[in-house]
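These are my notebook entries on a single structure.

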Amino acid sequence: MMEQPEADFLQKERRWVNFKSKLEEMLAKNSFQQSRMPQSLNWQAWRGFEDFSRECPLTAKEELEKDCRIHPPLGSNHTHSLNRYRRFSSTSGTSGRAMTWMDTQEDWQWMLGNWDRVLKEAGATDASICFFAFSFGPFLGFWTAYEAAIQRGCVCIPGGGQSTEARLRAILDHQVEYLFCTPTYAMRLIDTAKRKKVSLRENSLEKIIVAGECGGSIAEIRQAMDQTWGGESLLFDHYGMTEVGPVAYETPGGEGGLRIMLESYHAEVIDLHTLRPVGDNELGELVLTPLGRWGSPVLRYRTGDLVRARRGVDGHGLPTFDLVGGILGRADDLVVARGVNLYPSAVDSIVRKFSEVSEYQVMVGKERGMIEVKMRAECTMEVAERLQSALQEAFSLRIPVETAHHESLPRYEMKASRWVFLD
């Protein structure tokens, strides 16, 4: 039996050889990527991912957005002629301008393979009944999930064009085993069931696979799912982006956190200011390089997502790259109020301790030159006062909480936009 250090070396060597071969082919054809490489850069001399991470320039979302403006509407980040591309996607536009994205069928199939790994880790088998609680649009994530589930042999029920109550009925009537949605919409299903007096106790759910935003690894949301649906470790977190594809599945153990698929991605975590690597358990920005998506590639892509990494080995002795607590927030969502760092995910984890709050909104503005944060919550005055105390205890910062009438605040099916920045 091969000893572990030798196995690790051979795996790394194989990943690097395959990657460098594709890199050479891509740089010979892709004008966008050619323009990004400094002339003095001798990438042919790179001997491994260590050299790559040290010398290859980072890719920022702003570069891709600028390229799309200069070369509308699809940009110039294409390794092949456009007649090779078959799939069209678009980013959500929640942080910056929405971008279009084109994929070859080969690259699309690579992404379906990654999603199949997610489904396998979640326990889905052929003939598992899956329900996709979203309206189908140009968003990449759920299209790849849907097609991967079909290829796996699952029964796939699209939930577009339905009310939340109708979706709840379909989940129960069709004995759905795997529900796909955002964390926000998972909470909305619970709230709607309470209001419509729909009992959820008699169900067939095995997993609720969530993606699209932070929240899938927040303990309070996970507990709410189990208590309402009567399951155990129902929520299964997943992470991906249009720009890179399906990246990670929930860390084994059923307690949240994410495990990056290292066979498909080279992952790094860097300091937000120095852009240098940070160690395990240090907060930093996740940087990703897909190893199998070459039609519209990104190299060392700055995701903007804040994480704490933990590197190790799994039960088979293979290397792991885990994100403790999942995605902790967005770098551009950071609000500094009176010296306190506030991330939406951290605030959300406090709000979710109060099941009486059906929805909330955070307003960020300036008063006398100082950043001020306030909250509106759909709840009673008594609950608002308790929530305000909990926020102050958690952040050592007074965040006033005002009550709002039930259903007066926006509801979300995809990514939530609860933070409002006032002029």
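**Entry 1: the sheet.** Before reading off a strand order, I note that two strands count as paired if DSSP finds at least two bridges between them. The model is a predicted one. I looked up an open sheet of four strands and recorded its order as β19-β18-β17-β20, with mixed pairing. At the edges I found β19 (401-403) and β20 (419-421), each of which pairs on one side only. From one strand to the next, I noted a twist that averages 25 degrees.

I then turned to one pair within this sheet. Strand β18 (residues 370-377) runs parallel to β19, and three bridges join the two. Across this pairing, A377 stands opposite T403 in β19. I also asked which strands of the sheet helix α11 touches. Helix α11 (residues 381-395) packs on the sheet and touches β18 and β19. Its direction makes about 165 degrees with that of β19.

**Entry 2: helix α7.** Next I listed the buried residues of helix α7 (residues 164-173), which are T164, R167, L168, A170, I171 and L172. I looked for what covers them and found that the cover includes the strands β3 (129-132) and β5 (178-181), together with the helices α8 (183-195) and α9 (219-229). Just after α7, I noted that Q175 takes a positive phi of about 50 degrees.

**Entry 3: R276.** I located R276 in the loop between β10 (265-270) and β11 (283-290).

Entry 4: How many cavities of 30 Å³ or more does the structure hold? I counted two. For the largest cavity I recorded a volume of about 90 Å³. Its lining consists of L64, D67, C68, L74, G75, S76, N77, H78, T100, W101, M102 and S296. I asked which elements each supply at least two residues of this lining, and noted α4 (61-70) and β2 (100-104). By residue class, I divided the lining of the largest cavity into five nonpolar, six polar and one charged.

Notes:
Residues numbered from 1 in each chain as written. Predicted model: local features only at pLDDT ≥ 70, side-chain atom pairs only at ≥ 80, totals over all residues. Heavy atoms only, no water. 1 Å grid on protein atoms, 1.4 Å probe; cavity = no way out; pocket = protein on both sides within 12 Å on 5 of 7 lines; lining within 4 Å. Points joined across faces, edges and corners; volume = space filled by probe spheres on them. Nonpolar A, V, L, I, M, F, W, Y, C, P; charged D, E, K, R; others polar. Axes fitted to C-alpha atoms, helices over the stretch in contact; angles between N-to-C directions. Contact = heavy atoms within 4.5 Å. Buried < 20%, exposed > 50% of the residue type's maximum accessible area, 1.4 Å probe, protein only.
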